[in-house]
Amino acid sequence: MNTLIKCMTSCKQARLVFADTSDLLSSGIANRELSAGVAIALARLLTIAGLTTGFMKDKERVTYTIRGSQRELALIAEADDMGRVSGYANEACRALVLGEHELEMLIGPKAYLQVIRDIGMPVRFTGIADMPYGTVTDDAAHFYTQSEQTPTRFWTTEQWTSDAQLFGRGVAIQLLPGAPAALLQDLMGQLEAHERQVADPNLPLSRLPHHLFGITEMVTQAGVQWHCDCSRELFSPMLYTLDRTELEQAIHDSTSIEFVCHRCGTCYAFTADEIAGCLE
Ligand SMILES: [Zn+2]
């Protein structure tokens, strides 16, 4: 479980969320064989999804989808009010060879960010915005500012540390209604002036509100963690979608059939006996 911190500026005109997201990035990106550019884009989307759990209402669930300029490319992240996050790159994205500095090949002029909000009502809210910055981070802020009329900025870092671990951290700043637009710029300026310290894994997250913005009051801590809804029961019906001859072959060879969850990478293996059960 990673830590998430929520607080308010002393002028009470902006909400701030700070989160460490190393576990999210390790679960969603490590061992996925993603090219560097795709890994960075997904890492940023996961960190942003984690940060926005700090703004969510009760029972809220949000799905973020980035559609690339080439429509078959997609990155998806889901998050809920409990701080649970998952996400993945779709098959086309996993096959894409993208360098660290080539995000524009994924997030080109025709790319868009779709956000679906489910707040437990019959109707879900869908918003879409273009991605003029091609950085994911600034595009997500652009979405909140344009589509939700909530001036927002995000800052993220994603680093591979010397022991091949992932370090992720993010900050979200959101203005409350009536706050002057210049406040957002001021707060972002303060953050950027301390960027190197904020990105330093040795500086504990709990020090950031005070270190960056002089905030000492009304600070609440929550958690953010990787969570996938998949289960064995969810995958077993997929056996019925396979060819009968394929199932019979597996029974004959006493081999198992495996399905891998594309979100979390969990492998579900079904034995010859279980396969025989679904042929009855
Ligand atoms: Zn899963």
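## Nonpolar core, domains and strand pairing

The largest nonpolar core of this predicted model has 62 residues, and those with the most contacts inside it are Val38, Ala41, Leu42, Leu45 and Leu46. Such a core is a set of buried Ala, Val, Leu, Ile, Met, Phe, Trp, Tyr and Cys residues joined through C-beta atoms within 7 Å. A residue is called buried if 20 or more other C-beta atoms lie within 10 Å of its own, exposed if 12 or fewer, and partly exposed in between, with the C-beta atoms placed from the backbone. Helix α2 (residues 36-52) gives the most to this core, contributing eleven residues. Helices (H or I, at least four residues) and strands (E, at least two) are DSSP runs, numbered from the N terminus. Alanine 41 touches Leu75, Leu103, Leu106, Ile107 and Val136, when residues up to four places away in sequence are not counted; contact here requires C-beta atoms, placed from the backbone, within 7 Å. In soluble globular proteins, nonpolar side chains tend to be buried together.

Residues are numbered from 1 along each chain as its sequence is written. Because the model is predicted, local features need pLDDT of at least 70 and side-chain atom pairs count only at pLDDT 80 or more, whereas totals for chains, interfaces and linings use all residues.

Taken as a whole, the protein contains eleven helices and twelve strands. Its radius of gyration, taken over C-alpha atoms, is 21 Å, close to the 19 Å that the globule rule gives for 280 residues, so the protein is as compact as a globular protein of that length; the rule is 2.2 Å times the number of residues to the power 0.38. Along the principal axes, the C-alpha atoms fill a box of roughly 70 × 40 × 35 Å. Buried residues make up 35% of the 280 residues, and of the contacts with a separation of 6 or more, 62% are between residues 24 or more positions apart.

The domain assignment, which is automatic or taken from a database, gives domain 1 (2-226) and domain 2 (232-279). The centres of the two domains, taken over C-alpha atoms, are separated by 36 Å. Five residues from domain 1 and four residues from domain 2 take part in the contact.

Strand β1 (residues 2-8) is mostly covered, with five of its seven residues buried. Five of the seven residues of strand β4 (residues 74-80) are buried, so β4 is largely enclosed by the rest of the structure.

| Strands (residues) | Sense | Bridges | Opposite residues |
|---|---|---|---|
| β1 and β10 (220-226) | antiparallel | five | threonine 3 and glycine 223 |
| β1 and β2 (14-20) | antiparallel | five | lysine 6 and valine 17 |

In the hairpin of β1 and β2, five residues lie between the strands, and lysine 12 takes a positive phi near 60 degrees. The hairpin of β3 and β4 has six residues between its strands, while that of β4 and β5 has three residues between the strands, with glycine 83 taking a positive phi near 80 degrees.

Notes. Contact = placed C-beta atoms within 7 Å. Pairing = 2+ DSSP bridges.
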